[in-house]
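Please examine the model shown below. The briefing that follows treats its cavities and the packing of its helices.

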Amino acid sequence: MTVTTPPGTGTPPSRGPLTDLLTGGGRARRLTWLLLGIVLLFSVVRVISGQEALTSSSTIAAALLLAVPIGLAALGGLFAERAGVVNIGLDGMMVLGTWGAGFAGYQWGWGAAVVGGLVFGAVGGLLHALATVTFGVDHVVSGVAINILAGGVVRFLSELLYTDNPAGGGVTQSPPVQGNPPTFSVPVVSSGPDLLGSLESRHWFLVSDLAGVLRGLTSGVGLLTLIAVLLVPATYLLLWRTAFGLRLRSCGENPAAADSLGVPVYRLKYTAVVVSGALAGLGGVFLVFIAGIYREGQVNGRGFIGLAALIFGNWRPGGLASGAALFGFTDALQLRSRSAVVALFLLVALLLAAIAVVQAMRGRLVPAGIAAVVAAASLVGFLTVDELPPGLVSFTPHLTTLLVLSLASQRLRMPKANGLVYRRGEH
C-alpha cells in the first residue's frame with residue numbers, strides 16, 4: 001500500500017549543493033546591496049549637512065573600537081540565552097574581566113591580560129550557572145546579584161593588592177598594563193601609498209565616503225579586534241552548522257525533549273554560561289587595552305548595552321553585530337564632533353520618510369502617518385538646531401539604542417525556554 005504525503009508535510013526534499021550555493025550567493029548579494037545603500041544614504045547626509053566626520057576613517061576606526069566590547073558581551077549573552085539561561089550578569093562579568101586583565105597585564109604583559117580577563121569572566125559565568133542551573137535560582141535575580149557582587153569583589157581585591165603597591169595603582173585602578181596587542185594595516189591600501197586615504201581626502205560623493213569607511217576598517221586594526229570580528233561568523237558556524245550547536249540550541253527551545261533524546265542538558269547549559277562569562281570578560285580585556293590600565297567603573301554599563309544589542313539582533317550573531325556597530329558609531333560620532341550629531345536628525349528623517357512611504361503603499365495608514373510626523377519633526381530639528389547641549393550629546397548612543405529596540409520589538413523571537421528553570425522529569 002502506497003502512502004501519499006499531503007502537500008506541505010513530511011520531510012522537505014533536498015535542495016542540493018547548487019541550490020544552496022545560489023541561495024547563499026543571493027543572500028550575500030542582498031547584504032552587499034544593503035551595505036552600499038547605507039553608505040549611499042550616509043553620503044547624501046554628509047553632502048547636505050557638510051559634516052565630514054560622518055564617514056571619516058577616524059570616526060569609523062573609533063566606532064570599531066567602541067563596538068567590539070559591546071559585541072563581545074552580546075556574543076556572550078547569545079551563548080547563554082540560546083541554551084535557555086538569561087544572563088543579566090554580563091555587566092558584572094565584564095567588570096571581573098577588566099580587573100583580571102589589569103592584574104595579569106601589569107605583571108606579565110598583554111597575553112596574560114587576555115588570559116586573566118577570560119578566566120575572571122568565566123568564573124562569573126560559572127557562578128551564574130551554579131545558581132541558575134544547579135540551584136534553580138531565578139535567572140534575573142542571579143544576574144543582578146552578580147552585577148552587585150562583581151563591583152564589591154574588584155574593590156576588595158584592589159584594596160588588598162594595589163594599596164602601597166610599588167608598581168603603582170590604588171583602590172580604584174591597577175598599575176599600567178605592559179604592552180598592547182600588535183596592530184596592522186593593509187599595505188598600499190591603508191598604509192604606505194595609502195590609496196584609500198588619498199580618495200577620502202578628495203571628498204567625492206560616495207567614492208570618498210566608501211574609501212573612508214574601508215580605511216577605518218583596515219588601518220591600525222588590533223589583533224584582538226580582528227579576533228573579535230572573526231568570532232561573529234565563527235559563532236554562527238558553531239551554533240547553526242554543527243551538531244554541538246544544535247544540541248545547545250535545543251536546550252533553549254525544549255530542554256525536556258532534548259533530555260529525552262540523550263542530550264546532556266545540564267552540562268551544555270553550564271558550558272554555554274561559562275563561555276558567556278568568558279566572552280564578556282574578553283570584552284572587559286578590550287576596555288583595559290584601550291585605556292592601558294584597569295580603572296573602576298570603566299565598563300560603564302556596556303554589558304547592559306550588549307544585552308540590548310543581542311535583543312535587537314533577534315538572538316542571531318549577525319543581528320547583534322549590527323546592534324553593536326550602531327551603538328559604536330553613535331558613540332564615536334558624539335566623541336568626534338558635537339555638531340555632527342545634529343546630522344543624525346536628517347538621517348532619521350530620511351529613513352522614517354522611506355518607512356512612511358512603504359507603509360502607505362501597504363495600506364498601513366496609521367504607522368505611515370506616525371513615521372511621517374516623526375520624520376517631519378526630525379527634519380525641523382536638523383534645520384533649526386546648530387549644536388546639541390553636551391548632556392544630550394553624550395546620551396545620543398543610549399537614545400539611539402532605545403529607539404532601535406522600540407522599532408525592532410515587533411519581530412523579536414527569543415528561545416522558547418529562555419529564562420525557565422529546568423528540572424529533569426518536570427514539564
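This predicted model holds 2 cavities of 30 Å³ or more. A cavity is a set of points, on a 1 Å grid over the protein atoms alone, where a 1.4 Å probe fits but cannot get out; grid points are joined across faces, edges and corners, and a volume is the space filled by probe spheres set on the points. Local features need pLDDT of at least 70 and side-chain atom pairs count only at pLDDT 80 or more, while totals for chains, interfaces and linings use all residues. Residues are numbered from 1 along each chain as its sequence is written, and side-chain values use heavy atoms, with hydrogens and water left out.

**The second largest cavity**

- The second largest cavity has about 50 Å³ of space.
- Its lining (residues with an atom within 4 Å of a point) includes Gly84, Thr132, His139, Tyr266, Lys269 and Arg423.
- H4 and helix H11 (265-291) are the elements that give two or more residues to this lining; helices are DSSP runs (H or I, at least four residues), numbered from the N terminus.
- The lining residues divide into 6 nonpolar, 3 polar and 2 charged, where Ala, Val, Leu, Ile, Met, Phe, Trp, Tyr, Cys and Pro count as nonpolar, Asp, Glu, Lys and Arg as charged, and the others, Gly among them, as polar.

**Helices H2 and H11**

- The axes of helix H2 (residues 57-82) and H11 come within 7 Å and cross at roughly 170°; axes are lines fitted to C-alpha atoms over the stretch in contact, and angles run from 0 to 180 degrees between N-to-C directions.
- H2 is therefore roughly antiparallel to H11 (an angle over 145 degrees).
- The contact (heavy atoms within 4.5 Å) involves, among others, Leu65, Val68 and Pro69 of H2 and Ala272, Val273 and Val275 of H11.
- Its residues divide into 17 nonpolar, 4 polar and no charged.

**Helices H4 and H5**

- Helix H4 (residues 110-134) and helix H5 (residues 139-161) have axes that come within 10 Å and cross at roughly 145°.
- The crossing of H4 and H5 is right-handed (the near helix is turned clockwise from the far one by less than a right angle; anticlockwise is left-handed).
- Among the residues in this contact are Phe120 and Thr132 of H4 and His139 and Leu157 of H5.
- The contact residues of H4 with H5 divide into 6 nonpolar, 6 polar and no charged.

**Helices H14 and H15**

- The axes of helix H14 (residues 338-361) and helix H15 (residues 365-384) come within 8 Å and cross at roughly 160°.
- H14 is therefore roughly antiparallel to H15.
- H14 and H15 cross in a left-handed manner.

Note on methods:
Parallel < 35°, antiparallel > 145°, perpendicular 65-115°, else oblique. 1 Å grid on protein atoms, 1.4 Å probe; cavity = no way out; pocket = protein on both sides within 12 Å on 5 of 7 lines; lining within 4 Å.
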